[in-house]
Amino acid sequence: MNQACLKFRSCHTLVSKSLSQGICTSSCFVGAGILPVFIYDECTMDYIEYFKGKRVTLMRIGLLGRGVGDAAFLAESGAEVHVVDDAPQEVMQPSVDVLKRYSNIRFTFGSYQTEHFTETDMVLVGAGAQQELPVLVAARDAGVELAMSAALFAKLSGIPIIGVTGTRGKSTVTHIIHHVLSQETDGGSVLLGGNVRGVSNLQLLKEVQNNSIAVMELDSWQLQGFGWAEISPHIAVFTNFMEDHLNYYQVGERSKEEALRRYFEDKANIFRYQEESGVLVTTPEVFELAKQLKGVTLGQEVVLADASILPEDM
């Protein structure tokens with residue numbers, strides 16, 4: 001198996017413009033900013049070899065979306081796939097019908113069973129699953145690898161990743177960056193992934209070429225997977241941070257303050273593991289929060305963007 005090998009450098013020429021007052025709108029990212037210039041080595045990871053024969057529990061298949069695409073990809077790559085979902089089978093039957101042609105996919109619906117998470121090689125965790133779920137705690141205690149599809153794509157593709165997160169504006173910014181790069185990258189393959197409706201990040205591996213780069217919208221749940229894998233995108237764009245998603249983070253006796261801290265900790269995985277050659281584009285407000293994180297050195301290049309860099313006629 002060949003580990004992905006690549007080197008890259010970045011120069012400030014085109015893609016991002018600013019994060020206006022911490023709230024990115026469609027007027028952002030329209031002028032000078034960051035256009036990655038990547039230098040590739042000729043080696044990638046053989047994802048078929050990586051998954052061949054591996055027992056994978058896929059949690060939460062969903063209805064005819066990215067979960068179905070991920071399951072099909074894993075089956076085609078030779079994995080033994082066990083789909084588990086706490087929804088009734090009659091609700092998920094359309095997904096079952098699409099995947100029934102794969103003999104190496106089996107299904108279990110209803111309450112999660114611990115052995116399905118401990119007697120396996122990998123659990124592909126569904127977005128939004130509480131990390132304190134007993135079955136996930138049991139999997140970690142058993143030494144089972146927990147993964148999410150966006151981070152797996154970043155790990156296995158071996159290509160440069162531009163990741164975008166933030167409480168607001170990440171979808172708009174992701175699509176603007178993808179559009180601009182698609183127009184300005186001469187002969188390059190610019191892929192769009194992450195939290196994009198209907199897009200299976202694992203299926204996206206089939207589209208990777210030697211000159212590909214990927215622009216990925218990454219919510220806090222998907223960034224949990226980057227934290228587990230201890231990787232970050234080569235270029236990280238963090239639009240803003242606001243009070244949100246407290247219905248997920250403020251559970252049990254957890255205070256609002258602790259919930260916001262955990263929310264930011266997950267978001268911070270977009271830059272936490274960057275090397276010095278990486279780039280973080282964010283606002284002064286987010287950067288101040290980042291500097292308070294324990295164990296984060298922030299040795300990468302940091303580009304701070306706010307309304308002051310917008311043209312006067314905008």
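Guide: A nonpolar core is a set of buried Ala, Val, Leu, Ile, Met, Phe, Trp, Tyr and Cys residues joined through side-chain atoms within 4.5 Å. Buried means under 20% relative accessible area, exposed over 50%, and partly exposed in between, with a 1.4 Å probe and protein chains only. The structure is a predicted model, in which local features need pLDDT of at least 70, side-chain atom pairs count only at pLDDT 80 or more, and totals for chains, interfaces and linings use all residues. Residues are numbered from 1 along each chain as its sequence is written, and side-chain values use heavy atoms, with hydrogens and water left out.

Visitor: Which residues of the largest nonpolar core touch the most other members?

Guide: They are F51, L74, L152, F153 and F271, in a core of 54 residues. With contact defined as heavy atoms within 4.5 Å, L152 touches Y50, F51, M122, L124, A147 and L202, leaving aside residues up to four places away in sequence. In soluble globular proteins, nonpolar side chains tend to be buried together.

Visitor: What makes helix α2 mostly covered?

Guide: Helices are DSSP runs of H or I with at least four residues, strands are runs of E with at least two, and both are numbered from the N terminus. Helix α2 spans residues 66-76, and nine of its eleven residues are buried. Among these are G67, D70, F73 and L74. Just after α2, G78 takes a positive phi of about 95°. Across the chain, 53% of the 314 residues count as buried.

Visitor: Why is strand β8 called largely enclosed?

Guide: Five of the five residues of β8 (residues 161-165) fall in the buried class, so the strand is largely enclosed by the rest of the structure. I161, G163 and T165 point one way, and I162 and V164 point the other way. In a regular strand the side chains alternate between the two faces of the sheet.

Visitor: How do you know that β8 pairs with strand β10, and what is the bridge partner of I162 in β11?

Guide: Two strands pair if DSSP finds at least two bridges between them. β8 and β10 (residues 212-217) have four bridges, in the parallel sense, and β8 and β11 (residues 235-238) likewise pair in the parallel sense over four bridges. I162 stands opposite V215 in β10, and its bridge partner in β11 is I235.

Visitor: In what order do the five strands of the open sheet stand?

Guide: The order is β5-β4-β3-β6-β7, with parallel pairing. The edge strands, each pairing on one side only, are β5 (105-109) and β7 (145-147). The twist averages 20° from one strand to the next; axes are lines fitted to C-alpha atoms, for helices over the stretch in contact, and angles run from 0 to 180 degrees between N-to-C directions. Strand β4 (residues 80-85) and β5 pair over five bridges, one of them linking D85 to F109 in β5. Helix α3 (residues 89-99) packs on the sheet, touching β4 and β5, and its direction makes about 175° with that of β5.

Visitor: At what angle do the axes of helices α8 and α10 cross?

Guide: The axes of α8 (residues 220-229) and α10 (residues 256-267) cross at roughly 60° and come within 7 Å. S220, L223 and Q224 in α8 meet Y263, D266 and K267 in α10. These residues divide into two nonpolar, two polar and two charged, where Ala, Val, Leu, Ile, Met, Phe, Trp, Tyr, Cys and Pro count as nonpolar, Asp, Glu, Lys and Arg as charged, and the others, Gly among them, as polar.
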